[in-house]
Amino acid sequence: MKPIRLPEPPSPTVGVPEIFEGGPYSVIRRAVVIGNGFPGSENQSLGLVRALGLSEKHVLYRVTRPRGGINEWLHWLPVSFHKKLYIVIRKICSYSQILLAAHEKKSTPLTLQNGGNTGLASVLEADVKQIVNMARETYEKDGPLLVVASGRDTIAVASSIKRLASENVFVVQIQHPRTQLNRFDLVITPRHDYYPLTPQAQEQVPRFLQKWITPREPPDRHVVLTVGALHQIDFAALRNAASAWHDVFASLPKPLLVVNIGGPTSCCRYSVDLAKQLTAHLHNVLESCGSVRVSFSDRTPKKVSDIINRELGSNPKVYIWDGQEPNPHMGHLAWADAFVITADSISVLSEACSTGKPVYVMGAERCTWKYSDFHKSLRERGVVRPFTGSEDMSESWSYPLLNDTAEAASRVHEALMGRGWRLRP
């Protein structure tokens with residue numbers, strides 16, 4: 001039998017088939033997203049997958065914890081241990097009165113099924129063995145698997161997949177995993193996660209505690225630093241949102257000011273004092289606004305939202321979203337002429353700063369630690385200004401757009417090329 005001779009590869013001007021570029025086993029055609037049930041984290045993974053052109057070719061898995069009642073005190077535990085401990089607690093307490101009372105107080109059920117109260121009941125629980133087997137068994141047919149995870153609870157799952165199927169997967173961990181970065185192929189995290197290494201941070205921490213604060217080492221070559229959070233907002237998303245929300249926003253008087261109010265965090269503390277200051281500033285700028293749309297997050301304290309509703313709810317220029325679906329967030333991003341955003345909302349700020357529209361921040365002076373560093377970086381880039389109440393909302397200003405998601409996607413492409421892999425265009 002004569003040996004089979006492969007044809008000579010064509011010239012570069014004609015195009016090179018996959019067989020001469022490493023074969024079909026070097027092309028990534030699909031992705032797995034590992035989420036934790038929190039929109040802020042999952043949105044980052046989905047945003048990266050979208051920027052890589054795999055938004056229609058991914059499967060979402062989820063690492064879930066028991067929620068509600070006593071579980072709110074156990075969320076600091078590793079998720080696997082938390083689940084086992086909760087099973088023991090349930091058996092011992094047998095739905096005791098203390099758990100039932102806590103259950104009634106909380107709106108979230110004690111045992112949250114994957115996607116149970118998010119409308120995503122079909123989302124699968126992340127199972128390391130299942131994903132590893134799938135990556136191995138489909139490798140020859142479908143090529144390598146891109147795995148994108150975000151959030152603390154996903155670290156163990158993502159790193160285990162990398163360890164068990166390193167030849168078949170490329171694992172990207174979003175948000176700093178704190179230790180052992182070599183467990184992943186690429187880590188994407190904001191610059192402010194490295195704030196503990198700065199001289200300012202070192203001065204704030206007693207010397208005997210410094211060795212316990214992570215990260216302890218500067219970023220290495222496979223760490224991608226961003227300014228803010230990754231997200232799904234790009235020109236195409238805004239264009240689609242503008243069309244979808246046309247009937248709601250097109251007739252509103254201009255300029256349209258969108259106000260996003262989050263909730264206090266450990267590094268950005270505030271209460272009714274900020275709400276009162278915000279309403280006073282908004283009253284001052286109402287004359288230069290055509291319309292104002294206000295949205296709260298699920299972290300907004302009731303005492304804060306009550307003040308906003310009481311002080312602004314009766315003003316004919318102001319509309320306050322009641323939290324019922326559909327969520328107008330995408331419509332706000334597409335149609336707003338300017339934004340006022342509370343300083344705790346890193347994800348919303350990152351999205352707004354990618355639109356090119358004026359972004360004003362409320363309460364940045366109350367932030368500490370890495371939140372303070374984040375706001376400093378935004379001010380130095382000229383992408384945000386403090387909200388003082390003296391602004392003329394009919395005036396606009398420009399700045400270099402935050403392009404974190406696209407830049408991170410470019411770094412993923414580079415890392416894949418270094419491994420001899422590529423994404424199918």
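Guide: A crossing is right-handed if the near helix is turned clockwise from the far one by less than a right angle, and left-handed if anticlockwise. The model here is predicted: local features need pLDDT of at least 70, side-chain atom pairs count only at pLDDT 80 or more, and totals for chains, interfaces and linings use all residues. Residues are numbered from 1 along each chain as its sequence is written, and side-chain values use heavy atoms, with hydrogens and water left out.

Visitor: How many helices and strands does the chain have?
Guide: Helices (H or I, at least four residues) and strands (E, at least two) are DSSP runs, numbered from the N terminus. The secondary structure of the chain comes to 16 helices and 15 strands.

Visitor: At roughly what angle do the axes of helix H1 and helix H16 cross?
Guide: H1 covers residues 39–51 and H16 covers residues 404–418. Axes are lines fitted to C-alpha atoms, for helices over the stretch in contact, and angles run from 0 to 180 degrees between N-to-C directions. The crossing of H1 and H16 is right-handed. Their axes come within 9 Å and cross at roughly 65 degrees.

Visitor: Which residues in H16 does H1 meet?
Guide: Contact means heavy atoms within 4.5 Å. On the H1 side are Gly47, Leu48 and Ala51. In H16 they meet Thr405, Ala408, Ala409 and Val412.

Visitor: Which are the edge strands of the open sheet of seven strands?
Guide: Two strands pair if DSSP finds at least two bridges between them. The order in this sheet is S4-S3-S2-S5-S6-S7-S8, with parallel pairing. An edge strand pairs on one side only, and here the edges are S4 (124–125) and S8 (223–226).

Visitor: What is the bridge partner of leucine 146 in S6?
Guide: Strand S5 (residues 145–150) and strand S6 (residues 169–174) are parallel and pair over six bridges. Helix H6 (residues 155–164) lies across S2, S5 and S6, at about 160 degrees to S6. In S6, leucine 146 has as its bridge partner phenylalanine 170.

Visitor: Is serine 354 buried or exposed?
Guide: Serine 354 sits in the loop between helix H14 (346–352) and strand S13 (359–362). Leaving aside neighbours within four places in sequence, its contacts are His231, Ile233, Leu401 and Leu402. Buried means under 20% relative accessible area, exposed over 50%, and partly exposed in between, with a 1.4 Å probe and protein chains only. Serine 354 has a relative accessible area of 13%, so it counts as buried.

Visitor: How far apart in space are serine 354 and threonine 405?
Guide: Along the sequence, serine 354 and threonine 405 are 51 residues apart. Threonine 405 is one of the H16 residues that meet H1. From C-alpha to C-alpha, serine 354 and threonine 405 are apart in space by 9.7 Å.
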